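Here is a friendly briefing to read alongside the model.

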Amino acid sequence: MKSLILTILYLAKDTLHRWFARLSSPLARVLVVFFLTLAALAGMGSYAISAKIITDRIVSNGGDTVFINAFASEPITTPTATEIRELLGAESCTLLSVGSAMDEDGKSMAAYTYDFRHMGQIMPLLHPSGKPTVLYNQERWHTRPGPTHVTINGMRLDAVAYPLPQQHLLNRLIPHKALLLQPESLPFEAAHVGRSAMIILRLRNLQSAQEAMKAENYFRTYFKLEGAQAAINSAADIFDQLENALSKQLQCRIAFCLGISVIVGILLTALAGIEYRQNEYIYTLMKSFGIRPFLLVGAFIAENLLLVFGSAAAALYVFMQGQSFIVQQLLKLGNYRVTLPEIATEVHLIAATLLVCVFISAIPVFIAAHRDIGRVLK
């Protein structure tokens with residue numbers, strides 16, 4: 001054990017001596033690996049950033065919303081907001097369609113009510129007076145809150161215009177305005193009420209088609225069991241196309257990494273062979289004293305692992321710290337940042353190719369280290 005430790009210390013000292021004697025050798029490896037890795041992270045990271053940009057734009061345009069319009073010949077039941085939140089992790093709102101109404105200017109708008117299972121969601125939206133409430137989207141319909149009149153089924157009713165909160169989910173369902181009636185105050189025979197339900201969901205942390213498809217499959221199955229038909233609209237197809245496009249880019253990323261590995265592999269192999277030949281006489285003497293060849297090969301592998309992965313780690317650090325400049329100024333992709341987990345696949349791919357390069361570069365050293373001692377010392 002003592003001799004092994006002394007041998008390792010000698011090889012480490014010899015490595016440091018070679019570095020200081022020929023500084024260009026370690027410096028070349030460090031700079032080549034550093035800049036190639038940084039270029040790879042900038043190029044391959046752009047795929048992750050592009051996917052993030054597209055996903056954010058889809059979500060900002062309502063891509064995280066799922067619309068369900070269910071209808072049947074008999075009144076149907078709908079899942080509660082609690083059930084939807086527990087099963088799908090989504091915010092939801094459910095309304096029952098009761099036809100259409102007209103405002104005091106003669107313009108048509110949808111009319112809704114609700115069942116008592118969803119009262120907790122709807123009551124905060126109703127005017128405290130209990131009158132029919134005209135909910136309007138403040139961004140798309142400019143009017144003043146207050147008393148108004150509506151006509152539904154030929155009946156003229158007093159109502160109150162009431163704005164929807166800015167971030168409320170119904171802003172995505174109600175383009176301009178809609179009439180909301182309490183079930184007990186419906187001014188007509190309500191035998192058909194409950195045969196048509198409108199459900200809107202906002203999925204949390206939507207990042208893939210699977211999350212939207214899960215919601216679609218749940219409601220498709222639910223209303224099939226209820227004997228109802230459901231028209232479902234979501235961004236699942238868009239996310240699926242995005243995922244297919246990104247998966248096809250995997251070949252480009254692999255080819256990029258292979259190109260880097262070829263350059264780094266050639267450099268490391270050439271330098272390792274040259275340095276071993278320059279010190280071959282000393283290493284052969286060490287072999288004659290009983291030092292095994294695998295220690296000599298291991299010393300070169302450890303040296304390259306230190307230089308290569310130290311340079312790669314430095315490149316990763318520089319990229320993570322300077323990605324704002326790279327993304328905004330060089331790639332022109334806007335004010336976006338990626339986290340380490342988001343580019344973990346790219347980092348693992350680069351690390352794997354560099355590791356392969358290190359072991360390939362040890363092949364000439366392995367061959368030279370097993371040459372016959374007599375042929376070298378003669």
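A residue counts as buried under 20% relative accessible area, as exposed over 50%, and as partly exposed in between, with a 1.4 Å probe and protein chains only. This is a predicted model, in which local features need pLDDT of at least 70 and side-chain atom pairs count only at pLDDT 80 or more, while totals for chains, interfaces and linings use all residues. Residues are numbered from 1 along each chain as its sequence is written, and side-chain values use heavy atoms, with hydrogens and water left out.

**Overall picture**

- The protein chain has eleven helices and nine strands; helices (H or I, at least four residues) and strands (E, at least two) are DSSP runs, numbered from the N terminus.
- Of the 378 residues in the protein chain, 44% count as buried.
- About 20100 Å² of the protein chain is accessible surface, and 61% of that belongs to carbon and sulfur atoms; the areas come from the Shrake-Rupley method with a 1.4 Å probe, and for residues only the protein chains shown count as cover.
- Among contacts (heavy atoms within 4.5 Å) with a separation of 6 or more in the protein chain, 80% are between residues 24 or more positions apart.

**Salt bridges**

- The structure holds four salt bridges, each being a side-chain nitrogen of Lys or Arg within 4 Å of a carboxyl oxygen of Asp or Glu.
- One of them joins R202 to E91, with the closest N and O atoms 2.7 Å apart. R202 lies in strand β8 (residues 196–203) and E91 in strand β2 (residues 90–103), so the pair ties together parts 111 residues apart in sequence.
- In that pair, R202 is buried at 18% relative accessible area, whereas E91 is partly exposed at 33%.
- K177 forms a salt bridge with D103, and their closest N and O atoms are 2.4 Å apart. Because K177 sits in strand β7 (residues 177–180) and D103 in strand β2, this pair ties together parts that are 74 residues apart in sequence.
- Both K177 and D103 are buried.
- E216 forms a salt bridge with R220, the closest N and O atoms being 3.4 Å apart. These two residues are four apart in helix α5 (residues 209–225), so about one helical turn separates E216 and R220.
- E216 is buried, with a relative accessible area of 11%, while R220 is partly exposed at 42%.

**Aromatic pairs**

- The structure holds five aromatic pairs. Rings of Phe, Tyr and Trp (its six-membered ring) pair if their centres lie within 6.5 Å, and planes under 30 degrees apart count as stacked, over 60 as edge-to-face and the rest as tilted.
- Y218 and F219 make an edge-to-face pair, 5.0 Å centre to centre with 80° between the planes; F219 is buried, at a relative accessible area of 0%.
- Y218 also pairs with Y222 in a tilted arrangement, 6.0 Å centre to centre and 35° between the planes. Since Y218 and Y222 are four residues apart in helix α5, they are separated by about one helical turn.
- Y222 is buried, with a relative accessible area of 18%.
- Ring pairs link Y218, F219, Y222 and F223 into a cluster.

**Nonpolar cores**

- A nonpolar core is a set of buried Ala, Val, Leu, Ile, Met, Phe, Trp, Tyr and Cys residues joined through side-chain atoms within 4.5 Å.
- The largest core has 29 residues, and V264, L268, V308, F319, I343, I350 and L354 touch the most other members.
- Elements giving two or more residues to this core are α2, α7 (250–278), α9 (293–330) and α10 (344–369), with α2 providing the largest share, nine residues.
- Leaving aside residues up to four places away in sequence, I343 touches G45, A48, L316, F319, M320 and V338.

**A surface patch and a loop residue**

- L23, L27, L31 and F35 form a nonpolar patch on the surface, with about 400 Å² of accessible area together. Patches are made of residues with over 30% relative accessible area and no salt bridge, where like charges are joined within 9 Å and nonpolar side chains (Val, Leu, Ile, Met, Phe, Trp, Tyr) within 5 Å.
- L31 is in helix α2 (residues 24–63) and is partly exposed, with a relative accessible area of 40%.
- T80 lies in the loop between β1 (65–71) and α3 (81–88), and T80 is buried at 15% relative accessible area.
- Not counting residues up to four places away in sequence, T80 touches R117 and H118.
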